[in-house]
Amino acid sequence: MTRVTRDFGDTMQKDAVLAVSADVAFASSRFPNYKIGATNQILDAKDDPKVLSMKEVVARETALLLEQQKRLSVRDLASKFEKGLAAAAKLSEEARLREAVSLEKHVLLKKLRDALESLKGRVAGRNKDDVEEAIAMVEALAVQLSLREGELIQEKAEVKKLANFLKQASEDAKKLVDEERAYARAEIESARATVQRVEEALQEHERMSRALGKQDLEELMKEVQEARRIKMLHQPSKVMDMEHELRALRMQLAEKSKCSLQLQKELARSRRGEQSIFQLFELDGAEALGSCLRINPCSDNAPELSECSIQWYRLSSEDVKKALISGATKPVYAPEPFDVGRVLQAEIISEGQQFTLTTTCAIDPAAGLGSYVEALVRKHDVEFNVVVTQMNGLDHTSESIHVLHVGKMRMKLRKGKLSIAKEYYSTSMQLCGVRGGGNAAAQALFWQAKKGLSFVLAFESARERNAAIMLARRFAFDCNIMLAGPDDRAPL
């Protein structure tokens, strides 16, 4: 048996290759991968529904440009329009290339159909059916290509329309840029004219100030010369005599003040209807901030103070209402800033008998303390040198120097670089003068930093002690904290 199939197949392949024109240029080395749809429609496998067509891309970009047009500046808008114009030109070029490629595809399909028609006449049987199916597929491709060409023509028209729109918009944007530039130049010129007028006014003011300053300097020089002349007329001995006289006057004033205080005490006793022979105790000391008030016996029949019960009170006015001063149970009491303007009273109880001593007038403020505190308020942090005499109610044997910081937000006690206590102002913090303690009570204060931590601090002077109390209460009040001692109670 001869191998007809093999010889016929070789003849078919040779004839098929020879029938194709030599000037044909295929896009790829293999036949395209097409699929036949449900209605015998040829589909390209590369047409992914997720890939956007050129028409949809152009529509989306146009929508984004229109959406961003309102919030872009004039310069950015012009740049966007120029970029869009370049993109439209690029799209137009791509459409032209596609048109050329489409024409080339038509030529290829026609040559392919001619080759298949030539091949159809040379084969028979099943191979002929395959060739007819291929011819039908080529015809369907030609129809599909014609539809694509129609879409490309429509897209080309839309791209051209978009290019014209972008070109017009770009021209409008350039016009707006020129207008804004002209307006900005006008504003700059106006600002320069304003600055020039201000400079001229400042120069005029400076000239007038120099003239006035020169006149004031001449008057000041005349005053200095007059002062020198007056100073030359006075001898140094006269100045020294005036200083001695002033010192003597101060001593006399202090003695007169002491006598006046004694007379006020006698007047108070007479107003209360008490006789001096029945008065067993009296208050001694200046009734002013920075001093110490001491209870002294004034009769031989007076009982020992160590055997008596003593309690100090603070009177808000001349009425009977009084506030107990917690811890003030000693014969000595040093007034604190909270006592200024109030009357102090001491009650002595001995063997069922009660004796009452009252200051003749309200406690006077210390001279110059207010201005001193106002000067310290301007600082962020004020330091005081102190000595810790007690800690948590126990005596502190060390007499080393510590530093107390009174700040706008907190108080801190440190020794060198070691912080012993550092607390912000709070309702649990207490600060007041020491109740008792002898003559040094006027220079010491009690500070409870927090519950379970308290100190008794001794200052270098009574002025610094009172200034520290007033300053801490002032800063705490600025933080909406009422900083006071444990004796702030309702009147009894």
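In helix 6, which spans residues 369-377, the buried residues include Leu-369, Val-373, Leu-376 and Val-377. These four cover an arc of only 105° around the axis, which places them on the same side of helix 6. The model described here is a predicted one.

The protein chain contains 7 helices and 17 strands. Of its 492 residues, 27% count as buried. The accessible surface of the chain comes to about 33600 Å², and 55% of that surface belongs to carbon and sulfur atoms. Among contacts in the chain with a separation of 6 or more, 57% are accounted for by residues 24 or more positions apart.

In soluble globular proteins, nonpolar side chains tend to be buried together. The largest nonpolar core of this model has 33 residues, of which Leu-404, Val-406, Leu-413, Tyr-425, Trp-447 and Leu-457 touch the most other members. At least two residues of this core are supplied by each of helix 6, strand 10, strand 12 (401-407), strand 13 (410-415), strand 16 (444-450), strand 17 (453-459) and helix 7. Helix 7 provides the largest share, 7 residues. Apart from this core lies another, of 19 residues, including Leu-293, Leu-305, Tyr-333 and Leu-344.

Strand 12 has 6 of its 7 residues buried, so it is largely enclosed by the rest of the structure. Strand 10 pairs with strand 12 in the antiparallel sense over 7 bridges, and Val-386 has His-402 in strand 12 as its bridge partner. Strand 12 also runs antiparallel to strand 13, to which 4 bridges join it. Within that pairing, Val-406 stands opposite Met-411 in strand 13.

Strand 15 (residues 430-433) pairs with strand 16 in the antiparallel sense over 4 bridges, and Leu-431 stands opposite Trp-447 of strand 16. Trp-447 is also one of the residues that touch the most other members of the largest core. Strand 16 pairs with strand 17 as well, antiparallel and over 6 bridges; here Ala-444 stands opposite Ala-458 in strand 17. Strands 16 and 17 form a hairpin with 2 residues between them, and Gly-452 in the turn has a positive phi of about 95°.

Phe-475 has its place in helix 7. With a relative accessibility of 1%, Phe-475 counts as buried because the cut-off for that class is under 20%. Leaving aside residues up to four places away in sequence, Phe-475 touches Val-377, Lys-379, Val-406, Gly-407, Lys-408 and Tyr-425. The C-alpha atoms of Phe-475 and Met-409 are separated by 7.0 Å, although these residues are 66 residues apart along the chain. Tyr-425, for its part, has contacts beyond its neighbours within four places in sequence that include Val-406, Met-411, Ala-472, Phe-475 and Ile-481.

Strand 3 is joined by 4 bridges to strand 4 (residues 293-297), and the two run antiparallel. The bridge partner of Phe-281 in strand 4 is Pro-297.

The cysteines complete the account. A disulfide is a covalent bond between the sulfur atoms of two cysteines. The count of disulfides in this model comes to 0, with the sulfur atoms of a pair required to lie within 2.5 Å. Cys-292 counts as buried at 18% relative accessibility, and Cys-308 is buried with a relative accessible area of 13%.

Key. Residues are numbered from 1 along each chain as its sequence is written. This is a predicted model: local features need pLDDT of at least 70, side-chain atom pairs count only at pLDDT 80 or more; totals for chains, interfaces and linings use all residues. Side-chain values use heavy atoms; hydrogens and water are left out. Buried means under 20% relative accessible area, exposed over 50%, partly exposed in between (1.4 Å probe, protein chains only). The arc is that of the directions from the helix axis to the C-beta atoms. A nonpolar core is a set of buried Ala, Val, Leu, Ile, Met, Phe, Trp, Tyr and Cys residues joined through side-chain atoms within 4.5 Å. Contact means heavy atoms within 4.5 Å. Accessible areas come from the Shrake-Rupley method with a 1.4 Å probe; for residues, only the protein chains shown count as cover. Two strands pair if DSSP finds at least two bridges between them.
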